[in-house]
Amino acid sequence: MAHSLNLTLKIGQDPATQKKLDEFVQLFPTVQGLIERAMKESEILHFARVVLIGREYIQVLTEYDGDRRAYTKFFQDKLPQVFELVFGLAEGAPPWAQLQDPDTFFNFSKDKDIKPLGQSLTADKEDHFVFSAYGDLTVKEIKAALSKAGLAV
Amino acid sequence: MVVDRENVQGLILRGYNYPFSRHLLFKFPDAASGRSFLSWVRPQVTHGATWPEGVKPEPLVNLGLTFAGLVTVALGDLLAGVDANLVVTKHNVYPVRNPFPPEFIDSPDPGSLGDLGAEDGPASWWNGRFATEEIHASVHLYTQSEAAMDAAVAGARGAALAAGVVELVPNHDGTPLGGAALTNGRVHFGYVDGVGQPDVDWDAIPSARGKVDLRHFLLGYNSASIPPSASIPSSPRWDDTHDLFRDCCYMGLRWLSQDVPGFERYLDDNAPRIAPNRPAAEAREWLAAKLVGRWRDGTPLALSPEHRDPALAERNDFSYSADVLGTRCPFSAHIRVANPRDQPLGPPADSGDVPRLLRRGSSYGPEWVEGQNDAEERGLIGLFLCASLDRQFLQILRWMNTNDFSRVFDHEVPGRQDPLFGSDAMTRSKTFRIPDPGGDIEVPLPRPFVKSRGTAYLLLPSLSTLDKLIQ
């Protein structure tokens with residue numbers, strides 16, 4: 001069953017951070033290809049997007065398979081520059097030198113992950129309510145089934 | 001030498017192999033009672049210095065502390081003494097931070113453990129006699145005789161009473177967890193125990209070739225000054241707490257009951273069908289071997305897939321590179337999941353190392369007699385030692401519950417699991433696959449022969465850390 005990540009960071013409102021926000025928004029179209037390649041390589045991401053709520057919050061929203069620790073470590077290793085930019089916008093985030101430590105990175109991102117409302121549809125109560133039209137099929141299983149049906153992606 | 005062995009609790013550096021063991025759990029009503037009890041324990045704690053040849057001291061004594069126990073005794077003050085921004089609370093805003101990992105701060109999460117059934121969830125842990133959150137300390141006793149154990153337990157209980165510390169007793173008959181080793185070095189279910197422990201290099205960082213780095217087990221040796229490719233992350237980080245927690249080690253304590261008659265019946269019921277060309281007794285042993293990855297005498301399937309071989313029983317230097325189809329050792333066999341060795345990990349698991357654990361558990365309950373269909377309570381008090389509960393202990397449990405960490409599972413039926421220790425609540429596959437040159441064999445998953453009775457996360461403090469907690 002896919003898990004959800006609702007990473008929600010409050011953006012610093014000081015002039016320097018707001019300038020960094022504008023730079024990040026301008027840069028994003030050029031880095032999204034890098035992000036897409038990493039996500040495809042992981043074979044555990046169902047969906048992913050980065051959204052801004054005004055100039056006050058930035059969110060990374062994903063649905064992924066498997067355990068959070070492996071998922072977090074994978075993307076920390078594959079996209080360090082992107083995460084440096086994202087966490088660099090966050091109010092109260094540890095310095096990037098500290099966030100490069102896997103445990104610090106994991107703990108901070110877990111702390112900023114907002115849990116959905118409702119009760120889990122699986123035996124794992126930590127999932128809360130996350131609907132999937134594909135039941136608990138994983139990315140690998142869906143792709144394998146599509147490939148078998150001649151509908152390779 | 002890198003590690004001061006006299007600063008490290010002995011249980012970390014070696015398995016004791018004493019026949020009798022007990023694991024007592026305690027709650028500290030307040031800091032004063034906790035410190036008083038720790039003061040009694042401290043001079044008895046067995047450390048890692050080698051004892052004289054031929055002299056086996058007893059009792060051997062080791063101590064664990066939960067996060068709640070550390071906080072009750074002194075942790076807040078200790079941390080503040082290092083850095084005013086280090087705190088014991090959660091959800092802080094940097095630079096204020098709690099240097100401990102969340103899985104240690106929080107109560108054990110049943111979802112991470114796979115303890116999601118009605119009979120093995122936290123509500124049923126410890127026979128419902130206390131909550132896991134009440135555990136502050138564990139005292140582990142090891143002796144050569146039952147009489148010595150009775151005296152050791154009496155001593156610990158007397159000291160607890162004198163200090164005003166409460167013992168948390170999970171058994172209805174008032175006995176602590178623990179028991180006596182089985183004959184011939186085996187554990188319940190009949191397998192030889194103690195094979196396959198990591199060969200840790202306690203004398204060098206990084207470790208010598210072929211050995212396991214000590215930073216997989218001891219805290220206080222990683223920092224930002226070590227290049228990321230060479231560092232093995234653990235918390236608290238040396239950069240935060242310096243030497244305060246050097247030589248400490250985390251321990252997952254897991255009380256597991258085992259249905260031995262049920263397991264033997266499973267072998268009786270399934271072995272003849274899946275191995276019809278073997279004599280009945282041999283077919284049972286073959287099935288038992290396929291489930292675990294070693295014959296019950298210890299012979300690794302990877303080295304001898306068709307029969308036991310006493311000459312190979314203690315071998316731990318094998319790989320899976322010649323077994324790419326799993327026809328020697330099934331991909332989901334217990335030891336192949338718990339330690340994939342050289343089998344390549346797939347994304348995203350390949351972003352980390354193969355997690356290792358030191359296993360220091362002991363059996364409890366009467367030895368099962370063949371042919372006996374009893375309802376005796378028996379099982380394992382598992383003590384799993386590591387530097388990161390999440391990256392090591394829980395990671396391996398996740399792999400056991402869902403076999404998805406390697407490309408070998410890409411074409412498997414969804415939801416494959418470790419057949420003995422995977423959680424029934426977390427699987428979609430109801431069978432265990434035995435790859436075979438003559439055609440794969442699907443066996444009903446044996447379930448559930450292992451039930452969780454309680455889990456706690458503790459820190460085995462170093463002697464210097466313990467001294468600081470007491471002062």
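Biologist: Is A:E141 buried or exposed?

Modeller: First the general idea: buried means under 20% relative accessible area, exposed means over 50%, and partly exposed is in between, with a 1.4 Å probe and protein chains only. A:E141 has a relative accessible area of 18%, so it counts as buried. Keep in mind that this is a predicted model, where local features need pLDDT of at least 70 and side-chain atom pairs count only at pLDDT 80 or more, while totals for chains, interfaces and linings use all residues. Residues are numbered from 1 along each chain as its sequence is written, chains are lettered from A and ligands numbered from 1 in the order in which they are written, and side-chain values use heavy atoms, with hydrogens and water left out.

Biologist: Where is A:E141 found, and which residues is A:E141 in contact with?

Modeller: Contact means heavy atoms within 4.5 Å. Helices (H or I, at least four residues) and strands (E, at least two) are DSSP runs, numbered from the N terminus. A:E141 is found in helix α6 of chain A, residues 139–148. If you leave aside neighbours within four places in sequence, A:E141 is in contact with A:D136, B:P414 and B:R428.

Biologist: How do I read the meeting of chain B and chain A?

Modeller: Start with contacts: 30 residues of chain B are in contact with 31 residues of chain A. Then take buried area, which is the accessible area (1.4 Å probe) that two parts lose on being put together, summed over both. Between chain B and chain A that is about 2,500 Å², and carbon and sulfur atoms give 49% of it. B:Y94, B:P348 and B:R428 supply 23% of the area that chain B buries against chain A, more than any other three residues.

Biologist: How many salt bridges are there between chain B and chain A?

Modeller: A salt bridge is a side-chain nitrogen of Lys or Arg within 4 Å of a carboxyl oxygen of Asp or Glu. The count between chain B and chain A is 6. A:E43 and B:R407 also meet through their side chains in a salt bridge, at 2.7 Å from N to O. On the side of chain B that touches chain A, the elements giving two or more residues are α5 (102–105) and α12 (389–401) of chain B. The largest share, 4 residues, comes from α12(B).

Biologist: Why are A:K73 and A:D77 separated by about one helical turn?

Modeller: An α-helix has 3.6 residues a turn, so residues three or four places apart point the same way. Here, A:K73 and A:D77 are separated by about one turn because they sit 4 residues apart in helix α2 of chain A, residues 68–78. Their salt bridge has its closest N and O atoms 2.9 Å apart. A:D77 is partly exposed, at 40% relative accessible area.

Biologist: Which parts does the salt bridge of B:E167 and B:R157 tie together?

Modeller: The closest N and O atoms of B:E167 and B:R157 are 2.7 Å apart. B:E167 lies in strand β4 (residues 166–168) of chain B and B:R157 in helix α7 (residues 146–163) of chain B, so the pair ties together parts 10 residues apart in sequence. Another case is B:E282 with B:R308, at 3.0 Å from N to O. That pair links distant parts of the chain, 26 residues apart: B:E282 is in helix α10 (residues 280–292) of chain B, and B:R308 is in the loop between α10 and α11 (334–338) of chain B. B:E282 counts as partly exposed at 23% relative accessibility, and so does B:R308 at 36%.

Biologist: How do I read strand pairing, say for β1(A) and β3(A)?

Modeller: Two strands pair if DSSP finds at least two bridges between them. β1(A) and strand β3 of chain A (residues 57–64) pair in the antiparallel sense over 8 bridges, with A:S4 opposite A:E63. Strand β1 of chain A, residues 3–10, is largely enclosed by the rest of the structure, because 7 of its 8 residues are buried.

Biologist: And which strands of chain B pair with β3(B)?

Modeller: Strand β1 of chain B (residues 20–27) pairs with β3(B) in the antiparallel sense over 7 bridges, and B:H140 is the bridge partner of B:H23. Strand β2 of chain B (residues 60–65) pairs with β3(B), also antiparallel, over 6 bridges; there B:V61 stands opposite B:L141. As for cover, 7 of the 7 residues of β3(B), residues 137–143, are buried.
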